[in-house]
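This report is meant for someone meeting the structure for the first time.

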Amino acid sequence: MSGRPLFAVVGHPNKGKSSIVATLAADDSVRIGPEAGTTTQARRYPMRVDGQELYALVDTPGFQRARRVLHWLRQHERGAHRRAEVVRQFVASHRDTGEFPDECELLEPILEGAGILYVVDGSVPYGPEYEPEMEILRWTGQPSLALVNPIGPADHLAEWQAALGQFFQVVRVFNAVTAEFRKRIELLRAFGELQEPWRGVLAQAVRLLEADRTRTRRLAAHTVAETLAAMLAHRVERKLPARADPTGQKAALESEFRSDLRRLEQRCRDRVETLYSHRRIERQEAGLPLVDEDLFAERTWLVFGLGRRQILAGGALGGAATGAWVDAHLGGLRCLRGGAWGRDRGGDGLVDGGSVGTGAGDGRAAGGRLITAGPTRNRNFPHVVFNRARYHHWLVARRTHAAQSVLAVRGDPRAVLPPLPGEELSTLEKIFDRLRRNPEATAVQGELADRIAAVFARDDDLGDARVDSAAGRRDPPPIANIGA
Amino acid sequence: MGVSAAYRLLVAALMGVGLVVGWSVAAVVFRYDGSRPVNVVEVLAVFVVAQLALLMLLGIVLAPARWLRLLPGALTVQEALAWLSPGQTLRLLQRRLPPGVRELVTRTGRPLGSSLPGLGKVRKWAGTFAAQGFAVAFNLGALAGCLYLVTFSDLAFAWSTTLEPSIERVHRWTGWAAAPWGWWLPEAVPSPELIRETLFYRREAAPLAIPAGRWGGWWPFLVACMITYGTLPRVVLLAVAGWRLRVAMRRALLEAPGVALVLDRLENVWVATQATGPEAEPGRVREAGSGDKRKDAHAAPRRLTLVNWGGLVLEEARVSAQIAADWRCEVLGMEAAGGSASLEADAAVVTALARTPEDSGVALLVKGWEPPLLELLDFLRDLRRAGGNRRILMVVPLGLEQAGGRDWQPLPAAGLERWQRRLRSLGDPGLVVRSWPEKPETLAVSGGAA
């Protein structure tokens with residue numbers, strides 16, 4: 001035994017062992033299924049901090065022949081003080097026989113020194129067939145904790161409390177599918193109570209996980225801020241000949257604009273989910289509503305409709321030559337301001353009518369028309385996007401990795417998320433304005449991200465009562481806490 | 001060649017060109033062949049007034065838009081200057097370069113053309129720095145040319161302009177110009193006498209009109225002007241541009257996509273809790289045929305022994321009577337196995353069941369909400385071995401009981417099918433999964449011949 005805490009999650013098949021491991025390890029790659037025997041081999045889930053293992057969870061197969069195992073153990077018993085030795089002997093003598101593969105697999109980590117996390121389903125009745133399992137675990141002499149994982153709606157907690165209390169030091173209720181981060185942390189702390197030397201390590205693990213959670217939230221806020229900036233600045237454009245009718249083009253342009261915004265939002269969703277280690281979420285949500293009443297801007301592009309050669313031929317060459325000398329002296333000042341190599345906005349000399357003024361009446365209009373969709377000027381738009389992102393983040397942040405349901409980003413977020421105070425809304429509005437003016441201003445994006453992170457943090461701290469009442473759900477309270 | 005090296009080369013080249021151009025311009029402006037003196041006004045126009053004008057334009061270009069809004073027309077000037085920029089000129093020139101050179105320039109410049117946030121300022125200050133390098137070199141070249149001609153030739157300076165300002169006014173102007181050094185370098189401040197005596201008109205025989213002692217009287221003033229209004233501002237600007245370029249580079253790096261993540265990674269420990277390897281494939285249940293679900297694959301035996309498996313809480317008599325009625329059979333009795341019973345007790349039940357008539361069946365009432373364990377499968381195997389191949393074995397998974405175990409729910413179809421799939425692994429054609437109560441539907445465990 002290395003001295004690092006190790007916890008073996010054991011129990012009857014199909015009682016949510018893998019779900020608990022998935023939730024505690026934040027790993028949605030864990031295979032969870034209704035069939036018994038989904039887990040066939042023990043699998044380690046180490047918590048690593050810069051590569052150094054702090055503790056590890058081990059998901060194990062369920063007991064299949066507990067009575068036979070216990071029968072064998074009793075036949076070979078040599079006194080209570082040598083029971084663990086007998087269990088070790090059992091594993092050694094059956095490891096390669098294929099007779100008790102699941103029991104050997106689940107007992108091995110315990111014999112390596114793992115603490116026992118015994119999982120039962122609190123929504124089904126207690127039965128005497130569990131007793132041989134619990135007795136075997138008692139024979140190992142390892143510190144143990146029972147987790148009642150209520151998979152279904154029925155409530156049999158009282159009978160489980162009575163039974164488990166006789167076998168385990170600590171009994172806790174932990175719903176693997178609905179447990180929020182705070183509850184996961186509380187459970188980890190409880191693990192630390194199983195053995196004195198583990199307490200410090202688990203306390204350190206909790207601190208690091210909490211810091212990591214804050215960091216993840218901050219990164220999520222940055223992702224949302226970047227997306228908002230990108231969406232506020234986004235536009236699509238199309239060049240048309242001077243006499244072309246833009247009416248037919250507008251629908252296609254609008255569609256392109258909308259799908260671009262949608263794609264940006266989806267990308268943000270994906271990134272936030274990845275930050276929270278959710279890689280397999282199936283989402284359902286309503287499409288991004290509204291964009292803008294004055295979605296389209298139509299501008300006349302002036303000399304820019306002409307080719308560069310034409311511009312030069314038009315006499316610009318003389319001016320440029322004169323300017324070259326001046327500019328060489330000026331120092332390239334404006335020169336490379338954004339487009340020395342032709343990648344500036346409008347640097348190809350063809351677009352961005354906005355920068356060249358308007359109107360065909362100045363006698364220079366010659367090129368054609370430029371129709372653009374966006375950027376949206378609707379003042380409500382960034383708030384809509386932000387609120388959708390906020391709701392999505394809230395759902396993702398509290399979703400456990402055992403949850404297999406579709407993530408429904410719909411409904412009224414106001415039912416669960418309190419509205420922002422007026423002062424905060426006003427601040428956001430000002431930041432959105434600044435972003436509209438300068439979408440690439442990273443300082444503004446950073447400021448927005450900080451604001452968003454603060455909102456996300458408050459959402460994370462929302463009381464369960466509000467959330468559960470909105471979701472029509474209630475997690476049962478802990479039923480016993482013996483010796484911890 | 002890297003961008004950095006290319007840029008340094010460009011700056012060095014610009015400075016080399018600046019030196020040559022500065023020297024050449026000085027050679028032209030200070031040209032004196034004895035026929036006409038060097039016109040001080042021309043020297044000041046080229047090396048002071050033009051430089052100050054360019055500095056003013058530079059200020060306009062560099063100034064933030066919000067400042068320029070306070071100065072009418074300044075924004076327009078700024079926009080106009082953008083179209084005279086070397087950036088634009090470079091692109092025009094680039095298209096006329098030989099293909100190989102153009103490719104090199106394009107490749108070298110590509111990183112600068114990137115749309116990464118923050119690179120705009122890098123480009124701006126990189127350009128400014130390069131141009132100021134040129135300008136400093138230009139001024140140094142001009143100064144060197146001037147000092148060379150002053151030292152190694154005899155120059156005659158005078159001044160002439162069609163504007164014909166009064167001597168007093170010119171003296172006042174030169175006094176202002178010489179203010180920065182006049183208090184400690186009085187010989188570099190033109191005196192009224194010098195101004196008066198060196199005024200010449202081209203129509204007159206100028207060289208003869210200027211006293212010989214005054215020929216070189218202007219050069220200290222001119223050199224001081226070139227240093228103060230030409231070279232020093234450019235040196236300061238060069239230093240500022242270099243500083244701003246470094247700042248912009250640092251910021252651009254910090255603002256580059258992904259850098260936040262890298263910095264975040266550097267500042268924080270990396271916490272991972274996930275599994276380090278893939279999960280083992282689940283155990284496969286042996287499929288024994290394709291007939292997954294067949295109603296009434298087996299007729300219910302006329303006599304039946306019930307087994308309470310796993311300690312179901314039920315009223316024996318009531319359940320037996322109800323099953324007998326539902327299935328129209330005779331229930332011979334009910335045994336208990338599994339659960340908390342010992343293995344010896346299980347063995348005794350198997351023995352007892354084996355003694356019942358072979359045409360009677362055995363129905364195991366099991367907890368449908370629990371998964372079928374190998375322990376149950378072992379029991380069924382033992383039962384088959386002891387009871388013979390002709391005996392019908394039925395597994396009856398019950399749904400969760402209500403009202404204290406007096407009423408039973410039929411197991412939902414999905415649960416029933418899970419039991420069927422699991423028991424199929426035994427490959428026992430005489431084994432069936434049967435629903436009870438309410439849904440007298442029999443599911444054949446095996447697809448094989450019954």
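## Loops, cores and helix packing

In chain B, the loop between helix H14 (316-327) and strand S5 (330-337) contains B:Arg328. The model is a predicted one, and in it B:Arg328 has a phi near 50°, a positive value in a residue other than glycine. Most residues other than glycine have a negative phi. B:Arg328 counts as exposed, because it has 10 C-beta neighbours inside 10 Å, and the cut-off for being exposed is 12 or fewer.

Chain A has 484 residues, of which 42% are buried, and its secondary structure comes to 14 helices and 11 strands. Chain B has 450 residues, with 36% of them buried, and its secondary structure consists of 17 helices and nine strands. If one takes the contacts in chain A between residues at least 6 apart in sequence, 77% of them join residues at least 24 apart; for chain B, the corresponding share of such contacts is 77%.

### Nonpolar cores

In soluble globular proteins, nonpolar side chains tend to be buried together. The largest nonpolar core in this model has 68 residues, and those with the most contacts inside it are A:Ala8, A:Val9, A:Leu117 and A:Tyr118. When neighbours within four places in sequence are left aside, the residues in contact with A:Ala8 include A:Val58, A:Thr60, A:Leu106 and A:Pro109, and A:Ile110, A:Ala114, A:Ile116 and A:Leu117 are also among them. A second, separate core has 46 residues, including B:Ala142, B:Phe157, B:Trp218 and B:Leu245.

A:Leu202 lies in helix H8 (residues 196-233) of chain A, and it counts as buried because it has 22 C-beta neighbours inside 10 Å, where the cut-off is 20 or more. Apart from neighbours within four places in sequence, A:Leu202 is in contact with A:Pro5, A:Tyr55, A:Leu188, A:Arg189, A:Phe191 and A:Gly192. From C-alpha to C-alpha, A:Leu202 is 8.8 Å from A:Ala190, and the two are 12 residues apart in sequence.

### How helices pack

| Helix pair | Angle | Axes |
|---|---|---|
| H2 (residues 66-75) and H5 (residues 131-140) of chain A | about 40° | 8 Å apart |
| H11 (residues 381-398) and H13 (residues 442-460) of chain A | about 45° | 10 Å apart |
| H15 (residues 343-354) and H16 (residues 374-387) of chain B | roughly 35° | within 9 Å |

With helix H2 of chain A packed at an angle of about 40° to H5 of that chain, H2(A) is therefore oblique to H5(A), and the crossing of these two helices is left-handed. On the side of H2(A), the contact is made by A:Ala66, A:Arg67, A:Val69, A:Leu70 and A:Leu73, while H5(A) contributes A:Pro132, A:Glu133, A:Glu135, A:Ile136 and A:Trp139. By class, the contact of H2(A) with H5(A) has seven nonpolar and three charged residues, and no polar ones.

For the second pair, the angle of about 45° means that H11(A) and H13(A) are likewise oblique to each other, but H11(A) passes H13(A) in a right-handed crossing. Here A:Arg390, A:His393, A:Trp394 and A:Ala397 in H11(A) meet A:Val455, A:Phe456, A:Asp459 and A:Asp460 in H13(A). Four of the residues in the contact of H11(A) with H13(A) are nonpolar, one is polar and three are charged.

From H15(B), the residues of the contact are B:Asp346, B:Val350, B:Thr351, B:Leu353 and B:Ala354, and from H16(B) they are B:Phe379, B:Asp382, B:Leu383, B:Ala386 and B:Gly387. The residues of this contact of H15(B) with H16(B) divide into six nonpolar, two polar and two charged.

Conventions
Residues are numbered from 1 along each chain as its sequence is written. Chains are lettered from A and ligands numbered from 1 in the order in which they are written. This is a predicted model: local features need pLDDT of at least 70, side-chain atom pairs count only at pLDDT 80 or more; totals for chains, interfaces and linings use all residues. A nonpolar core is a set of buried Ala, Val, Leu, Ile, Met, Phe, Trp, Tyr and Cys residues joined through C-beta atoms within 7 Å. Two residues are in contact if their C-beta atoms, placed from the backbone, lie within 7 Å. Helices (H or I, at least four residues) and strands (E, at least two) are DSSP runs, numbered from the N terminus. Axes are lines fitted to C-alpha atoms, for helices over the stretch in contact, and angles run from 0 to 180 degrees between N-to-C directions. Angles under 35 degrees count as roughly parallel, over 145 as roughly antiparallel, 65 to 115 as roughly perpendicular and the rest as oblique. A crossing is left-handed if the near helix is turned anticlockwise from the far one by less than a right angle, and right-handed if clockwise. Ala, Val, Leu, Ile, Met, Phe, Trp, Tyr, Cys and Pro count as nonpolar, Asp, Glu, Lys and Arg as charged, and the others, Gly among them, as polar.
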